[in-house]
Structure formats: C-alpha cells, structure tokens
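Work through the exercises below with the sequence and model open. Each task is followed by a solution in steps.

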Amino acid sequence: MRSTLARWLARAYLGKPDLAEFVALRVPDLPSLCSTLRNELAFRLGLHSLPRLTTLNVELTSRCNVACSYCDVNRELGRPAQDLPLEVLVRLLETTPGLQTLLPFQWGEPLLYEPLDEALAHASQRGLRTYLTTNGTMLDGDRFESLGRAGLTRLTISLDGGPAEHRARRGYDQGEILRRLAQARQARDAAGLATRLDVSMVVDETVAHEIDGFRRRMAPLCDRVQFIPKLIDGPRMSPCREPSRGVMVVLSDGRITTCCADVRGQLALGRVDDGPPAALYGSEAWRELRARHRRHDWPETCARCDECHVPGVSKRFS
C-alpha cells in the first residue's frame, strides 16, 4: 500500500516518477505521511500555521578527507572546518518534539566525527530514523557493524560514474570503495543488522551516458541506487519546497539554515542557542523566506540555485 501511494505521489502529483523510492523513504508510516501532507499543503497555500518540523539535517563536521572536484569542502567552503559538539546535537534532539528523522551529515565526511556512534544511539533511543551519506573511504565491515548496532537506519555511499570518471572527480579508486561496500554487506548479513545500504551518484551532462551502466553495476551490490542532479549556477524559475518541507539544516558552526544547498550558510535564519528548533522553524524569519519564494522574490543565494537537467533524473529543489 505504501509503495503504491509513493508511486502515485511521485508520478501523478510531483510529475517525477523516478523519485518513487525516495518518497517511500520519506513516508514510511502514517505519522510521516500526515506531516508530509501537512507541509505540502502549507507550501501550496502559503499557510503559516501548518509547517511542521520533522527532520534535522545536522552537519556533525565540516571536515573531509577528500576534495571532490565539484564540492566546496577543502576548496571554497568559506567557513572553518570544525565539529559540532555532541552535547549540542543531544540538546537539539531533546528540544524538538515530533521529530521523525535525523540526517547526521551535510558537507563534511561524517565518519570523521569521533562520537558518531554515540550521536546515532541518542537518535535511535528517541525512535528517530537516521540516514547517513559517506564517501566510503573510511568504511569497512567492523565500522559498518558499529554504525548498525548504534541504530543507523540507512547508509548511502556516494560514487561517481565509471572507474575513470570517479577517479577524475574524486581522486581515488572506485574499486576500493566497492570492496569496502562488499565488506559492509557481509558484516550486515553476518550480524543480522537491519541497516540498509544505498549507492548514490551525482549527475551532470558529462556523466549522463553512464547512468544505465552505473545502475546495472551497482544494483546487485546494494539495496537502492539513486541519482542526484548536480547543483549549478543558474536562474531559479519556481518557488522551492525546502523552506516548507519540514527540514532544518544545522551547520557545524551552530548556524541554522533552511537548505542543504546553502553551503556557506548565507541564508542563516538563527543559531542553535536561539531557542527550540520548532520555534525557529515557525519564526518570522522563516515565514518571510517562504513568502519571498511565493512572490518570486528570491534571496541572492536562492536566485542562482539550479540543478543540471538530465533526462530521467528529477530536480529536487523545484
């Protein structure tokens, strides 16, 4: 029933059939569905009283051990490389009633965060779903098992196209990451863990021809293959759902913003010490940002936020 509804929402309502699996992950139960529909109604009608905070996207660290060619980390991040104190994360979780999901990553490599297992355990103890994305260079069977036992719901390994394209973009060998992925699967199966394993690929025109081959190669190795359009500098043409879809992004320096594409925190709408996250989400600053999008009066950061157009890979921010 849930997968049928997800397919309908993706195809008939959003017009993005390739996002059916993503939608199914977002609405795994009735409370999630109700919150999602409530936030979508608020987005459509511009209602201030409805938006509900359901997801914290917390950048535990802005440090990374690689320098991908299309990523600002280790290149032009524009803010210090640092970790978010664990006690700040715990406070955020404890002061956000109704929270459903924690994404404990953003622009850094989360496996560099020393108390990661403890952070996941805190979220798991509160009944939260946790989704983590990693470059995979620090993963092995033992590390994956510890993440699973801490309560991680789903781990995504980010790769790029074929071996040659991956090395050109990432600077390290894809084959080694696939070996680590295999170790993680073996550890999961041996320990009977419920944690799911995904592989994702950032897509632009230069690697669009590799999508089908990438899917065929990766599908037998993981539970799900996803494709993410690369962010580009281009004019925004329609309002963005991000300020209304129930997600708050917390950067490692304590600033709070609305969007995972806001790498430099230029849209910062508060700080972690300004009050409970849900109150900030309903604050005047967030209301004004939503109103500006409805008026097509984009803030500077939003005005030049676009994604590559690749057939079969739907944009996320429109």
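**Exercise 1: a surface patch**

Leu 41, Leu 45 and Leu 47 make up a nonpolar patch on the surface, and together they have about 260 Å² of accessible area. The model is a predicted one.

Task: Locate Leu 47 relative to helix H3 and strand S1, and decide whether Leu 47 is buried, partly exposed or exposed.

Solution.
1. Leu 47 sits in the loop that runs between helix H3 (30–45) and strand S1 (55–58).
2. The relative accessible area of Leu 47 is 34%.
3. Buried means under 20% and exposed means over 50%, so Leu 47 is classed as partly exposed.

**Exercise 2: aromatic pairs**

Task: State how many aromatic pairs the model has, and describe the geometry and setting of each.

Solution.
1. The count is two aromatic pairs.
2. Phe 214 and Phe 227 form an edge-to-face pair, with 5.9 Å centre to centre and 65 degrees between the planes.
3. Phe 214 belongs to helix H9 (residues 211–218) and Phe 227 to strand S6 (residues 224–229), so this pair ties together parts 13 residues apart in sequence.
4. Phe 214 is buried at 1% relative accessibility, and Phe 227 is buried at 13%.
5. Tyr 281 and Trp 286 form a tilted pair, with 4.9 Å centre to centre and 55 degrees between the planes.
6. Tyr 281 has 1% relative accessibility and counts as buried; Trp 286 is buried with a relative accessible area of 0%.

**Exercise 3: a charge over a ring**

Task: Which residue lies over the face of Tyr 281?

Solution.
1. The residue is Arg 290, at 4.6 Å from the ring centre of Tyr 281.
2. The Tyr 281 ring also pairs with Trp 286.

Technical notes
Residues are numbered from 1 along each chain as its sequence is written. This is a predicted model: local features need pLDDT of at least 70, side-chain atom pairs count only at pLDDT 80 or more; totals for chains, interfaces and linings use all residues. Side-chain values use heavy atoms; hydrogens and water are left out. Patches are made of residues with over 30% relative accessible area and no salt bridge: like charges are joined within 9 Å, nonpolar side chains (Val, Leu, Ile, Met, Phe, Trp, Tyr) within 5 Å. Accessible areas come from the Shrake-Rupley method with a 1.4 Å probe; for residues, only the protein chains shown count as cover. A salt bridge is a side-chain nitrogen of Lys or Arg within 4 Å of a carboxyl oxygen of Asp or Glu. Helices (H or I, at least four residues) and strands (E, at least two) are DSSP runs, numbered from the N terminus. Buried means under 20% relative accessible area, exposed over 50%, partly exposed in between (1.4 Å probe, protein chains only). Rings of Phe, Tyr and Trp (its six-membered ring) pair if their centres lie within 6.5 Å; planes under 30 degrees apart count as stacked, over 60 as edge-to-face and the rest as tilted. A charge sits over a ring if NZ of Lys or CZ of Arg is within 6 Å of the ring centre and within 35 degrees of the ring normal.
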